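Here's a quick briefing to read alongside the model. Have the structure open and follow along.

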Amino acid sequence: MDFEPERRHEVIQYVQEKYGHDHVAQIITFGTLGAKSVFRDVGRTLGLSFSETDYLSKEIPKDADKWYKVLDLPAIAEKAQEDDRVKQLLEIGEILFELPRHTSVHAAGVVIGRQPLQTYVPLKEEDGVMITMWDMGELETAGLLKMDFLGLKTLSVEKKTFENIEKTTGIKMSHADIPTFDQKTFELLSEAKSGSVFQVESGGMKRYLKEMKPSCFEDIVALLALYRPGPMENIPTYIENKRNGDFEVLHPLMKPILQSTNGVLVYQEQIQRLAQVLCGYSLGEADVLRRAVGKKKKEIIAKERDKFVPRAVANGIDQKVADDVYDLIVKFANYGFNKSHAAAYGVITWDTAYLKANFLEEFMAANLTVAIGEAEKMSMILSDCKRLGVTILPPSLKSSKADFSVEFLPTGEKAIRYGLNGIRNVGKSLAEAIEEAPDFATLEEYLLHIPTHTYNSKQWQHLIWAGACDELGSRGTLLASLDGLLLLAKEREELKKRGQLSFFDLGIIPPMELPFAADPSKMTILKEEKRVLEVALSGHPLEACRDLVEPHVQFSISELDESVKGQFQTLAGVFGDIKKIVTKKGNPMAFASLEDETSDVEAVIFPKVYEEAKANIKPFVPILVRGKVEWDEKEERAKLLVDSIRPVLEGRQVLYIQVQNKNHQKTLTHTLSSQNGITEVMFVNPATRSIEKADVSVRMNKNTLNLLQQETYEFISH
């Protein structure tokens, strides 16, 4: 049974009150020591520093499910030869790997007993919750009733979407208001624009949606039931019969039963109807056959043949046909699905598809809100928004809510405003405090208004890097002034606690005037935005080096299609997610997401290229990647088998500028901040014989040179 995660506790509370608190308990699970945990725990015990164990654990890929995969890692094998402690760690780790480490509570399982549970099973109490000391398998063996009360986030998405719709349109909606037929929804599914639509997000599902072109609810239910190992082989038959509008059956009596599934046996309930119609089974007899098929009990299925075939023959059906029908049932036993389950999930699929087709911004904002804290999920949703042309507005202390929200642009179109709680490490309590605060003109006023014990410096740094404070001042100035402002806020709060008012509280002196500090370089801003928001909203790293990229690149990533399959192409972009793995031979390789301003493509970096280019396999650094374009039929998108990687900025220019003193340097930094680019700037001071790297990088063009000439600075370019 699925519920909104936020309300799951209400269901548990209900069954406790109905059956008795001592009759209901949640179920224990045992967490085991993974490879990374072994390295951190054992390494610390053996005296390795945090940085050493952290470095080693980061070398271990997520899919290291066997200890030999760890032993084969070159970096770890090399370290073991140099350091006896690491060698000992590997020996101890092999013994401890996958042993139980801790206990936790099963995400869904609840056990209910006829008698008080202590009669059957050992229990423990933790934070007021009764938990069984036996795990799920042992409880089932003991014959106890186990219920799955699962928190399904999609239900939270629907609820949040309804709230967003009410705010933007004034229409109060619920599940009951969603129509059972909507052309826009079927078009969305037929075009496979199904990101964030329940159960049909995967590449394989999208391919079948395009081929099937669902035209009724039954198509959705059937696809959910068939999209599993085994029955998946029947999807092409279903699609072909749907297109043809007709299908063949072993006996005419089967046609009405298989009509809704285009001649394909999909559901266990169809087994019941076949037994009733062909053999005259009662509902009870048919249910015995259904349960045997559902639980794949081969001895009962074989025994039932002796009853099924003679009764079908007695009903006027040819014996060979009866045998063939039963053979079909036996084959079906390997993949039979319960229609009521598929239909229930089909309703959620239809609801989410309808909301996406008709209330796109409200639906995507709800998905982003529910995905807060899941970086990979948020990144996928934001990428989908980009593909669909949804405008994402930057976070703002004055305009943002704690959650992602929908706003109207001056053009009347809708856009999504980035939620403050969606910024990394900001947290819900601070986000809500900012949302409830008045619209202040300075950062100082926000810091004074919100109790200082509810926030720290890191949270405000992330808000500034995210652009949420841009209306209050430049990022460089706010970052440089932050420590002083936080100290001031704490001092004034202490005065208030002692009953003393400052001149600021009395309105006698205005807020502090912040000293100017140059903004960080454009590239730094974009990197930090990507880090704290999962997306760079101020631009893309390639923008600053577009002139260097264009001579080498024929296609943008969004232009890659089946027509370039097999060709070698050079693409410009930055690596987003990078997943390192180790081959069976122990060689490292990687799968990475290569992103430009238009889209992204999976880049496969095999061991030879990985070894040659590993220094350039870094996130969010502009690169040129050459490789062979492959076309993934299942995902219906391109893939790049990488041949070489080199940085766009390789061999770039450095601009040396002679300055007289620090004031000249500050003025010049401010002047050049409008010319953000990729050329580093170095300040040369002859008086102090010093060379200092500037906080800005510039685009080398006529505008920059003219600015320098206007400021009458002497400079040399190298």
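Which residue in E10 is the bridge partner of Ile392? It's Ile416, and we'll come back to that sheet below. Before going further, note that this is a predicted model, where local features need pLDDT of at least 70, side-chain atom pairs count only at pLDDT 80 or more, and totals for chains, interfaces and linings use all residues. Residues are numbered from 1 along each chain as its sequence is written, and side-chain values use heavy atoms, with hydrogens and water left out.

- Over residues 389-475 the chain is 30% helix and 11% strand, with the end C-alpha atoms 28 Å apart. Helices (H or I, at least four residues) and strands (E, at least two) are DSSP runs, numbered from the N terminus.
- An open sheet is formed by 3 strands in the order E8-E10-E9, with mixed pairing. Its edge strands are E8 (392-393) and E9 (405-408), each pairing on one side only.
- E8 pairs with E10 (residues 414-417) in the parallel sense over 2 bridges; two strands pair if DSSP finds at least two bridges between them.

**Cores**

- The largest nonpolar core has 90 residues, and Leu397, Ile416, Ile423, Ile434, Leu443, Trp460 and Leu463 touch the most other members. H18 gives the largest share of this core, 8 residues.
- Apart from it lies another core, of 27 residues, among them Ile257, Ile271, Leu274 and Ala286.
- A nonpolar core here is a set of buried Ala, Val, Leu, Ile, Met, Phe, Trp, Tyr and Cys residues joined through side-chain atoms within 4.5 Å. Buried means under 20% relative accessible area, exposed over 50%, and partly exposed in between (1.4 Å probe, protein chains only).
- Not counting residues up to four places away in sequence, Leu463 touches Leu397, Leu420, Ile423, Val426, Leu430, Ile434, Ala468 and Cys469. Contact means heavy atoms within 4.5 Å.

- H9 (residues 183-190) has Thr185, Phe186, Leu188, Leu189 and Ser190 as its buried residues. They pack against H10 (203-212), H11 (217-226) and H18 (339-358).
- After H9 comes Ala192, whose phi is positive, near 60°.
- Ser196 sits in the loop between H9 and H10. Its phi is near 70°, a positive value in a residue other than glycine, and Ser196 is buried, with a relative accessible area of 8%.
- Lys213 is in the loop between H10 and H11. Its phi is near 50°, again positive in a residue other than glycine, and Lys213 is partly exposed at 49% relative accessibility.
- Thr154 belongs to H8 (residues 153-169) and counts as buried at 15% relative accessibility. Leaving out residues up to four places away in sequence, Thr154 touches Phe198, Ile348 and Thr352.

**Strands around E14**

- E14 (residues 623-632) is mostly covered, with 7 of its 10 residues buried.
- E11 (residues 568-582) pairs with E14 in the antiparallel sense over 6 bridges; here Ala572 has Leu624 of E14 as its bridge partner.
- E14 and E15 (residues 637-647) also run antiparallel, joined by 10 bridges. Val629 has Leu640 of E15 as its bridge partner.
- As a reminder, strands of a sheet pair through backbone hydrogen bonds, either parallel or antiparallel.

**Cysteines and rings**

- The count comes to 0 disulfides, taking a disulfide as a pair of cysteine sulfur atoms within 2.5 Å.
- Cys216 is partly exposed, with a relative accessible area of 32%, whereas Cys279 is buried, at 5%.
- There are 13 aromatic pairs. Rings of Phe, Tyr and Trp (its six-membered ring) pair if their centres lie within 6.5 Å; planes under 30 degrees apart count as stacked, over 60 as edge-to-face and the rest as tilted.
- The rings of Phe440 and Tyr446 have centres 5.2 Å apart and planes at 90°, so this pair is edge-to-face. Both Phe440 and Tyr446 are buried.
- Ring pairs also link Phe39, Trp67 and Phe97 into a cluster.
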